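The sequence and structure come first.

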Amino acid sequence: FGVVTHVPADRRVMERLRSIGSRPIPYITLYQQPMFATYQGIELRKHPDWIEVDENGNWKRSSFWDSEDQKNWYVVCPNVEGYVEGALEYVRKLMEDGAAGVFIDNVGERKRCFGPEFHTHEHLHATQLDAFADLLRRVRELVKEYDPDGLVLLNSASPETLPAEFWEHADADMAESYICTWVSDTRWLDWHNHWNAMGRK
């Protein structure tokens, strides 16, 4: 069977792909949300307490705020119960609509959130790493509940730095933009000395 990633979150599209023997894997991110629109079933402007907070008490901006002009996108906190439940509800809807798993973008190191210190929100886990690992675990359990052969594909863009706690809840990691990307004309990394060696390891 063929796997098709980044399919629209549309029941008709996913049903059609399944009817021709393909496995539809829609895109999601558990890293960021826009403040200005409903995205992945979440209306962040109604839940600003779900945004990660920096050491100065400010909302953390997406790392793509400037590089990809993603203004008013913020880092969501995987350690907040409301956000976790909202994210899982969206994954559940995708699976009910015929997805064969999910492609999770922007997976990487999670830095400390100071939400509890600034009384913005409470945390479920001791660290952001623990919180995100648990969110991945719950996403994978949900996928497998609907489709025992379902896949959880990650995009860390740097698998060698992906925390071991994340790997156990994934089926694969994608080496996106390993030579270049549309946001830069600089070539980086190398197949023979980097990705191939890492893959063999």
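In this predicted model, strands S5 and S6 run parallel and are joined by four bridges. S6 is also joined to strand S7 (residues 172–174), again in parallel, by three bridges. The table lists both pairings with one facing residue pair for each.

| Strands | Bridges | Direction | Facing residues |
|---|---|---|---|
| S5 and S6 | four | parallel | Ile104 and Leu154 |
| S6 and S7 | three | parallel | Asn155 and Met174 |

Four of the five residues of S6 are buried, so the strand counts as mostly covered. Together with helix H4, strands S5 and S6 form a β-α-β unit of right-handed sense.

The largest nonpolar core consists of 40 residues, and those with the most contacts inside it are Leu30, Tyr83, Ile104 and Val139. Two or more residues each come from helix H1 (11–19), helix H3 (81–96), strand S5 (101–105), helix H4 (128–146) and strand S6 (151–155). H3 gives the most, eight residues.

Ala99 lies in the loop between H3 and S5. Ala99 counts as buried because its relative accessibility is 2%, and the cut-off for buried is under 20%. Leaving aside neighbours within four places in sequence, the contacts of Ala99 are Met14, Arg18, Pro24, Pro26 and Leu94. Ala99 and Leu17 are 82 residues apart along the chain, and their C-alpha atoms are separated by 9.6 Å.

Notes. Residues are numbered from 1 along each chain as its sequence is written. This is a predicted model: local features need pLDDT of at least 70, side-chain atom pairs count only at pLDDT 80 or more; totals for chains, interfaces and linings use all residues. Side-chain values use heavy atoms; hydrogens and water are left out. A nonpolar core is a set of buried Ala, Val, Leu, Ile, Met, Phe, Trp, Tyr and Cys residues joined through side-chain atoms within 4.5 Å. Buried means under 20% relative accessible area, exposed over 50%, partly exposed in between (1.4 Å probe, protein chains only). Contact means heavy atoms within 4.5 Å. Two strands pair if DSSP finds at least two bridges between them. A crossover is right-handed if, with the strands pointing away from the viewer, the path from the first strand over the helix to the second runs clockwise.
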